[in-house]
Amino acid sequence: GGHAMMHVVATAGHVDHGKSTLVRALTGMEPDRLEEERRRGLTIELGFAWTTLPGGDRLAFVDVPGHERLVATMLAGVGPAPAVLFVVAADQGWQRQSEEHLAVLDALGVRHGLLAVTRRDLAGDAAADRVRKEALGRLAATSLGEVEAVMVSGATGEGMDDLRAALERLGKSLPGPDRDADVRLWVDRVFTVRGRGTVVTGTLGSGTIRVGDRLDAGGRTVRVRGLQSLKEEHDEVGAVARVAVNVHGGTAEIGRGEALLTPGRWLTTAVADVRLRGDPARELPRELVLHVGSAAVAAHVRPLGDDTARLSLRRPLPLRVGDVAL
């Protein structure tokens with residue numbers, strides 16, 4: 001049937017620039033009710049909130065804490081084309097953390113985005129306009145290129161309808177997911193629910209998960225006992241979606257940074273050759289931490305050429321050619 005699409009949008013930008021206020025104004029949900037939600041069991045979809053757009057599609061927000069490394073984690077598996085709502089405060093302007101988040105988005109090659117100039121009520125017209133122009137210029141110099149900009153105030157509600165409309169356009173501009181693809185669900189949280197067992201959450205970027213499916217979790221087979229998306233129970237969930245998966249069997253070891261995989265379809269490897277983006281003159285460290293999906297794995301680095309290197313990973317990961325990592 002013509003069921004509504006879900007789009008997952010990451011929010012980036014300075015931690016104090018009103019991201020939470022904005023997400024709350026859009027969705028009526030607190031993005032950070034972590035502890036309270038944890039106590040209530042399987043209804044948890046942590047650190048994210050959602051809304052239904054005017055045209056009926058649903059939009060889930062994954063909010064990122066301040067640290068730039070977490071931006072990469074947040075975008076893990078968001079789909080074939082991650083989209084970002086970039087937030088800059090009208091009264092504070094471009095900040096170092098704005099620059100850090102933008103550098104990560106650029107390194108990951110994120111091409112779809114929207115600029116929200118927030119706290120519009122706290123700055124005069126000329127100042128807000130200056131902030132908007134500067135931010136647009138900085139975004140334009142990265143993989144994001146030219147994006148739409150909306151002036152908003154979560155406090156007064158100014159511009160919120162414009163923002164909803166712009167988010168709907170952003171959603172429609174994204175390529176559709178491949179629902180027949182092999183599943184690789186990067187686990188971002190794991191918890192135990194009394195009477196239900198282990199529940200993992202993640203963003204399903206491609207493929208479809210069904211109740212009864214057997215999936216591979218680090219070499220062990222687990223069975224899908226239950227599925228939730230946006231707090232509703234489902235027999236199957238296709239990409240793109242935020243999902244909570246109730247799994248059974250071999251689950252004692254599942255941790256953040258692991259992935260649930262379609263069995264027999266993924267090679268895990270502890271050695272990966274990578275092409276480097278960014279400043280070619282930068283001296284490569286001998287050891288680094290590779291961020292891919294929700295995993296952060298220590299790696300030994302051996303340069304192979306000007307822009308290539310061989311990484312030996314402390315633990316093997318399910319990787320494919322074309323994956324992007326930090």
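Analyst: A search of the whole structure finds 19 salt bridges. A salt bridge here is a side-chain nitrogen of Lys or Arg within 4 Å of a carboxyl oxygen of Asp or Glu. The model is predicted: local features need pLDDT of at least 70, side-chain atom pairs count only at pLDDT 80 or more, and totals for chains, interfaces and linings use all residues. Residues are numbered from 1 along each chain as its sequence is written, and side-chain values use heavy atoms, with hydrogens and water left out.

Take R58 and E232. Their closest N and O atoms are 3.4 Å apart. This pair links distant parts of the chain, 174 residues apart: R58 lies in strand β3 (residues 58-63), E232 in strand β13 (residues 232-234). Strands (E, at least two residues) and helices (H or I, at least four) are DSSP runs, numbered from the N terminus. R58 is partly exposed, at 24% relative accessible area. E232 is also partly exposed, at 34%. Buried means under 20%, exposed over 50%, partly exposed in between (1.4 Å probe, protein chains only).

E148 and R169 form another bridge, with the closest N and O atoms 2.5 Å apart. E148 sits in strand β6 and R169 in helix α6 (residues 160-173), 21 residues apart. E148 has 34% relative accessibility; R169 has 46%.

R132 and D129 bridge at 2.8 Å between the closest N and O atoms. Both belong to helix α5 (residues 125-140); being 3 residues apart, they are separated by about one helical turn. R132 is partly exposed at 23%, D129 at 24%.

Finally, E99, E134 and R138 are linked in a network of salt bridges.
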